[in-house]
Every structure is written in structure tokens, then in C-alpha cells.
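Let's take a friendly walk through a protein model. Keep the structure open beside you as you read.

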Amino acid sequence: MSSQCPTLRAAILVVSTTAAKDPSTDAAQATLRSVFEQDGGNQWMVAETQIVSDDSAEIQRQITLWTEPVDAGKDVINLVVTTGGTGFAVADRTPEAVSPLLHKQAPGLVHGMLSASLAITPFAMMSRPVAGVRHNTVIITLPGSPKGAKENLQAVIKTLPHACLQAAGANSRTLHSGGVKKLEQEAGLGSQGQAQAQAHTHAHTHTHSHHHDHGHNCHRHTHSHGHSHGHNHGNLVRLTSENPKSNDPSLGPSRRHRSSPYPMLSVDDALSLIAKCIPSPTTTTAKVTPDLVGKVLAQDVYATAPVPAFRASIVDGYAVVVPPSGHLRGVYPVVSTSHATSSSNLSPLKEGQIARITTGAPLPPGANSVVMVEDTVLITTTKTTHQTTGQEIEEESSVEILSDDIVKPGANIREIGSDIPLNTLLLPSNTLLSPASIGLLSSIGTQSITIYSPPTISILSTGDEIVDPSLPRELSLGEVRDCNRPTLLSAISQLGFTPLDIGIVSDKTNHLETTLRKALRQSDIVLTTGGVSMGEFDLLKPTIERSLGGMIHFGRVNMKPGKPTTFATVPVKNNDGTKTEKVIFGLPGNPASALVTFYLFVLPALHQLAGITPVGLPKVPVVLGHDFPLDKSRPEYHRAVVTVSKDGRLLATSTGEQRSSKVGSMEGANALLCMPAGPEALKKGERVEALLVGELRSDLA
Ligand code: AMP
Ligand code: MG
């Protein structure tokens with residue numbers, strides 16, 4: 001059996017502050033490797049190992065990385081085993097860090113490990129293991145002592161291949177085709193009675209893998225995405241409806257979490273989750289008019305007509321028929337004129353004749369070049385009657401061409417389709433329409449085009465303390481004027497989108513729920529600020545999970561400012577009874593955090609919904625104009641002014657104190673500098689990337 005089995009990939013995470021400082025002190029890793037080799041029936045390879053300190057964020061970051069859904073064809077990590085941090089010491093926090101990451105609990109594995117260890121020592125009671133599945137990976141937490149870790153892993157290693165294959169998406173029917181007895185045989189386990197066999201059967205509720213998703217499915221309730229719904233979209237559905245991570249507000253302040261139960265995501269991971277969860281943009285037909293500037297094309301536009309539509313003169317002068325020699329110097333009779341006007345009957349031109357022609361006018365048949373008026377002199381005139389005024393005028397009757405240059409046929413002529421050839425791709429889909437695009441569409445006579453429907457986004461502020469700034473009154477103690485809503489409304493308008501103002505919502509669950517429902521009905525994206533921190537009145541997450549049946553895709557991001565930024569999707573019934581998913585961004589209440597996270601997370605979502613690519617703020621490399629302090633643990637988006645200096649470099653200067661509450665740190669800023677976390681300052685002259693939120697300043701007078 002074992003020789004036919006696929007190799008399962010295991011990752012070992014050593015959780016130990018001591019080993020993180022000095023890896024040579026770690027013995028657990030080598031012990032676990034040998035368990036995989038000796039007891040693993042040749043089915044295991046240890047694909048990854050890492051050492052982290054007893055730090056929740058580090059533990060979660062590493063496990064999240066290892067358990068990310070992988071693209072088709074790439075290898076998944078089948079099993080993550082942690083060792084360390086499962087005891088009762090103050091620093092022991094591995095189970096607490098791992099628990100919130102689990103999409104499915106595996107109490108059976110926990111039981112297996114504990115009962116095996118208990119048979120050896122009562123001190124097994126001092127271990128607090130957790131086990132379960134995240135996306136397609138089984139995770140178990142082993143004790144830190146090499147002996148304990150070894151015994152625990154040995155206790156479950158025989159059953160793990162089966163669990164891992166199922167978690168990775170193997171068809172459970174095939175796996176089960178021989179019944180439990182066969183499974184036990186294959187695992188090298190004797191049947192230890194009814195209880196085990198039954199537990200085993202119950203554990204398999206016939207989940208099937210779904211090829212389109214690797215676990216993080218954002219559209220579970222949507223019926224418009226063409227997925228088959230007979231498959232397992234289940235992990236995260238269960239996560240929301242059966243296992244909300246948020247506080248239960250009815251339990252009162254003393255029962256709330258004291259640290260966020262949401263794993264801390266990196267900004268990049270948060271952004272890719274957003275990208276996955278934003279619904280496809282919708283399209284609409286629009287007449288070609290100047291107000292389409294700023295809208296986004298949802299179709300390729302091909303030139304259905306050439307421009308120019310006729311051979312036209314580029315200059316004012318005389319149409320000629322170039323002789324084979326190319327020499328034109330001499331006196332010619334002016335036999336006709338061609339003006340830039342609609343003309344149906346132009347008389348043909350013969351060699352030896354010329355025709356007066358204006359810029360943009362059609363060439364007479366037979367003419368093959370135009371001589372500029374500057375290269376000619378008038379020789380003779382005749383009297384004639386003006387076509388429109390009826391007055392007598394002097395008309396040219398002969399003109400001398402002065403130039404000795406050899407003239408090539410085609411000179412000074414715009415050939416048919418030379419500006420826009422027929423059938424060429426004029427504007428590709430996703431073009432952000434500019435005045436020039438309107439010009440192109442008008443030139444070829446396009447009447448209507450398909451564009452992406454502009455997304456609608458509604459905005460509300462939350463907080464009992466928040467007061468509408470338009471109220472002309474003094475504030476009472478504790479009150480705060482609403483700064484976020486006006487800021488975000490104007491940011492959205494400035495970016496060319498249309499915001500919907502939903503006002504201020506108090507910190508009461510029912511008020512928040514009703515208002516969110518209303519906002520969700522009216523818009524594609526709902527933007528809230530406040531109520532996402534750890535206080536007892538921070539109700540956004542509980543309301544989304546517990547009242548709206550939504551799914552929180554992330555509730556914490558490793559960044560400064562903006563750590564509590566929250567992103568969720570919520571199933572919403574349309575007016576016609578169909579269901580769709582709408583998006584909620586819960587931005588932090590602190591004004592600088594709200595604006596920074598708007599630019600970082602909401603703008604890309606708006607762009608994606610609007611069909612605009614690339615999404616998000618433009619990124620440019622800049623040079624620091626002075627030393628910049630760094631945050632020790634979180635990457636920071638430092639508000640700065642970027643100026644083009646005389647030597648052509650982009651120089652960044654801080655807007656000053658960066659506290660999250662200080663919206664003034666954003667005033668005047670045209671960039672967010674992407675600063676890494678670090679112990680010391682970044683020095684003047686170093687290069688970092690900057691996200692541009694405004695126009696570049698220039699030092700060049
Ligand atoms: P919260 O996340 O609701 O605890 O808010 C964090 C901080 O931001 C608190 O000091 C709030 O008073 C403040 N805050 C929340 N919303 C706003 C807002 N709309 N305008 C100004 N300050 C706000
Ligand atoms: Mg609040």
C-alpha cells in the first residue's frame with residue numbers, strides 16, 4: 001500500500017522563543033522528522049520547517065502562509081504540525097493562535113493524542129492540543145518536549161494520511177470504497193472496537209472537493225457565477241454560521257475577547273482576498289457622448305470605418321500629378337479647386353494641370369501629391385464670379401511651382417485609413433475613456449458602446465459619540481465631530497465614483513443591522529468607519545456575522561495605521577428575489593486610519609468593480625528626504641509629500657506626526673510611503689516605494 005501512496009507533504013513549525021533566538025537549542029524538529037521517516041510508512045516528506053517565537057502573530061502568519069489555497073498543479077502542504085507552546089505557562093499561546101485559523105475542528109485527533117499520552121503519563125493533562133483543517137491542510141499542535149511531541153505524533157500518524165487526502169480534496173467515496181476495515185488495514189491499525197469504527201464513519205460526511213476553489217470561496221450564496229452547487233462550498237459557510245469568531249454582544253463586556261480572534265493578515269494577503277471576493281463587474285450600453293469620459297469600456301472597439309475616409313491634403317497648396325521624373329518646376333494652369341467640404345463631383349486632374357486645394361480637402365481623381373502654397377507664385381489671373389456671393393473676383397489661372405526638389409507621389413497626402421485603418425483595434429476593453437477616446441469613437445461614427453456599470457458605494461459612520469459636523473453647536477464631553485464620512489465622501493467623488501451618504505449610526509446592534517441592510521440593498525459596496533476595535537461597543541463584526549449571516553474574510557491586518565480593518569461579504573436578496581453577495585469594508589474609526597485603509601483596500605475594490613486595470617494607487621520609487629522612524633512590528637504607510645527635485649529624483653518628506661487619530665497627517669500628503677517594520681530609522685537617501693494619492697509636487701520653477 002505505502003509504495004503506491006502519494007507523498008504527503010508535512011511542515012514542522014517549532015514554536016519556541018529560545019529556539020527562535022538560537023536554532024541549535026531545538027531538538028523537537030529532528031525528533032519529529034524521524035517519526036515521519038520511521039513511523040510514516042514512507043508516505044511523508046517534510047517539505048518545510050520554520051522556527052518562530054511564542055508569538056501569536058508569528059505563529060498565525062507562518063501557518064496562514066503554509067495553508068493558503070494553492071493554484072491547480074501546485075503542491076499543497078498536507079499537514080502542519082506545531083511543537084511547543086501548548087502548556088499552561090504564561091507564554092504558551094500556540095493553541096490560541098491556531099484555533100481561530102481552523103475551518104474545521106478535529107476533536108478526534110486531539111482525543112487520540114491525549115489518550116495515547118495519558119496512557120504514558122498523567123502529565124499529558126498538561127498539554128492543551130488543538131487539531132483541525134484549514135483550507136486543504138490538516139493542522140495539529142504537539143507539545144514542545146521532544147518526547148511528548150514524538151508520542152503524540154506517533155499516536156495519530158497512521159490515520160493522518162487519510163485525513164490529509166480528504167482535506168486535500170480526494171474523493172471520499174473512492175477512499176471509503178473498502179469500508180473502515182480496509183482503511184484500518186491500510187493504515188496498519190487493528191480494529192479496537194465498535195466505538196472507533198463508528199467515530200470513523202461519522203467523521204466522513206462526504207465532502208467533495210470543488211475544482212474551482214481551494215477553500216476560500218467568496219460566492220457561496222451567489223447564483224450568478226455558473227458554478228455547480230452540488231459541491232462542497234462548505235468550510236467557510238460553517239465558519240460563519242456555526243462558529244462566528246466575533247463577540248456575542250448579548251454576553252456583556254466581561255465575556256468579550258480580550259485579544260482579536262481574527263488572524264493577522266499581511267496587506268498583500270488581504271488584497272488578494274479582496275480581489276477574489278469582489279463580484280464580477282456588470283455592464284451597460286451607453287450612447288457615445290462627451291460625458292462618457294471617466295467611464296470604462298467593457299468591449300473591444302474596432303474601427304468600422306477608416307479615417308480619413310478619402311485621400312486628403314495635409315497642406316494648403318496645389319494638387320498635382322507627379323511625372324515619372326519627379327520634377328515639377330514650371331508654370332501650370334489651375335484647372336479646378338478642392339475645398340474641405342462635402343463635394344460629390346471633383347473633376348479629374350491630368351499631368352500638366354494643377355488644382356488649388358485646402359488642408360483636409362479631398363484630392364481630385366488622378367492627383368497624387370500636393371505642393372505647398374509657400375513653394376509657388378501666382379502668374380496670371382482671370383475675372384470670375386464668386387460661387388456664393390455672386391461678386392466679381394480675380395481667380396488664379398496659372399501658378400508657377402518654384403521648388404527644384406524631386407517630388408514623390410503621395411507627398412502631403414493623408415491616405416485613406418492612414419490615421420485609423422479600417423478594422424484595427426481602436427480601444428481595447430477596460431480602457432478608461434479619455435477625451436481622446438471620445439474623439440476616436442466619434443471619428444469612426446460609433447453610436448453606442450458597452451461600458452462597465454459604475455459601482456455604487458455607500459458610506460456610514462458608526463459611534464454613539466459621533467456628531468454630524470453640520471450641526472452648529474458646541475460639543476458635549478465625549479462627543480466627536482464626524483470627520484470620516486465627509487472625508488471619504490469627498491475622496492470617492494474625487495476619484496470619479498458616486499458615493500451614497502448613509503449618515504451616522506449609533507452603537508446599537510439593531511440600529512446598525514437595519515442601517516447596514518438598507519445600505520447593502522442600495523449599493524455594491526458598503527463602507528463603514530469605527531466599531532471594529534476591541535471595545536464592547538465595537539459591533540460591526542458581530543452584526544455582520546450574527547445578524548446578517550455574512551462572512552468576515554479578514555478582521556485584522558498587519559499594518560499601521562489600520563490594524564482592525566475588516567472585510568466581509570454578505571448575502572443580499574435583490575428586489576427580484578435573486579441572491580447576490582455584497583461587500584462591506586469596516587474601516588477603523590481613527591480618521592487617518594480610515595483614509596489610509598480606504599486608499600489601500602477600498603480603492604482597488606472599486607477599481608475592480610468598475611473594470612479599471614491596474615487596480616489601486618500607482619506606485620513609484622522615491623528617495624527619503626530625511627530619516628524616517630520605523631514601527632518595530634508593523635509595516636507602516638507613512639503619509640508624505642513627494643516632490644520632483646531639480647535632479648529628477650522623487651524626494652519624500654514626512655507630513656509629521658503619524659498618529660492614527662490625526663487626519664492632519666494626511667493633509668497635504670500626496671503619497672503613502674510603504675515603510676517596512678524595523679528596529680531603527682530608515683536613513684535619508686534610502687529608497688522606498690510610494691503609493692501616490694495626489695499629484696506630484698515639483699521643485700522646478
Ligand atoms: P472605534 O473604532 O469606533 O473605537 O473608533 C476609534 C476612534 O476613532 C475613537 O476615538 C472614535 O471616537 C474615533 N472615530 C470613530 N469614528 C469617527 C469619525 N467618523 N470621525 C472622527 N473620529 C471618529
Ligand atoms: Mg466606535
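Predicted model: local features only at pLDDT ≥ 70, side-chain atom pairs only at ≥ 80, totals over all residues.

Pro 561 sits in the loop between strand 24 (551-554) and strand 25. The peptide bond that joins Lys 560 to Pro 561 is cis, with an omega of about -5°.

There is another cis peptide bond to look at, between Val 307 and Pro 308, where omega is also about -5°. Pro 308 belongs to the loop between strand 8 (301-302) and strand 9 (312-313). For background, most peptide bonds are trans.

## Two residues with positive phi

The backbone angle phi deserves a look too. Most residues other than glycine have a negative phi. His 135 is not a glycine, yet its phi is positive, at about 50°. You can find His 135 in the loop between strand 5 (131-134) and strand 6. Is His 135 buried or exposed? Its relative accessibility is 4%, so His 135 counts as buried.

Asn 412 also has a positive phi, near 60°, and is a residue other than glycine. Look for Asn 412 in the loop between strand 15 (392-401) and strand 16 (413-414). With a relative accessibility of 26%, Asn 412 counts as partly exposed.

Now turn to an open sheet of six strands, ordered 2-1-3-6-5-4, with mixed pairing. Strand 2 (44-52) and strand 4 (104-105) are at the edges and have a single partner strand each, so one side of each has no neighbour in the sheet. In general, strands of a sheet pair through backbone hydrogen bonds, either parallel or antiparallel.

Strand 3 (residues 79-83) and strand 6 (residues 137-142) run parallel and are joined by five bridges. Which residue of strand 6 is the bridge partner of Val 80? That partner is Ile 139. Helix 6 (residues 146-156) lies across strand 3 and strand 6, and runs at about 145° to strand 6.

Strand 3 also holds Thr 82. Thr 82 counts as buried because its relative accessibility is 0%. Setting aside residues up to four places away in sequence, Thr 82 touches Leu 13, Val 15, Ile 63, Thr 94, Ile 140, Thr 141 and Leu 142.

## A helix with a buried face

Helix 15 (residues 509-522) has 14 residues and spans 20 Å from its first C-alpha to its last, close to the 20 Å expected at 1.5 Å a residue. Which residues of helix 15 are buried? They are Leu 512, Thr 515, Leu 516, Ala 519 and Leu 520. Looking down the axis of helix 15, you would see the buried residues within an arc of 135°, so they line one face of the helix.

## A buried leucine

Our last stop is Leu 606, in helix 17 (residues 591-610). Leu 606 has 0% relative accessibility and therefore counts as buried. Apart from neighbours within four places in sequence, Leu 606 is in contact with Pro 455, Ile 457, Phe 497, Ile 525 and Phe 598. Take Phe 497: 109 residues separate Leu 606 and Phe 497 in sequence, while their C-alpha atoms are 8.4 Å apart in space.

How values were computed: Residues numbered from 1 in each chain as written. Chains lettered and ligands numbered in written order. Heavy atoms only, no water. Pairing = 2+ DSSP bridges. Helix = DSSP H or I, 4+ residues; strand = E, 2+ residues; numbered from the N terminus. Contact = heavy atoms within 4.5 Å. Axes fitted to C-alpha atoms, helices over the stretch in contact; angles between N-to-C directions. Buried < 20%, exposed > 50% of the residue type's maximum accessible area, 1.4 Å probe, protein only. Expected span 1.5 Å × (residues − 1). Arc of directions from axis to C-beta.
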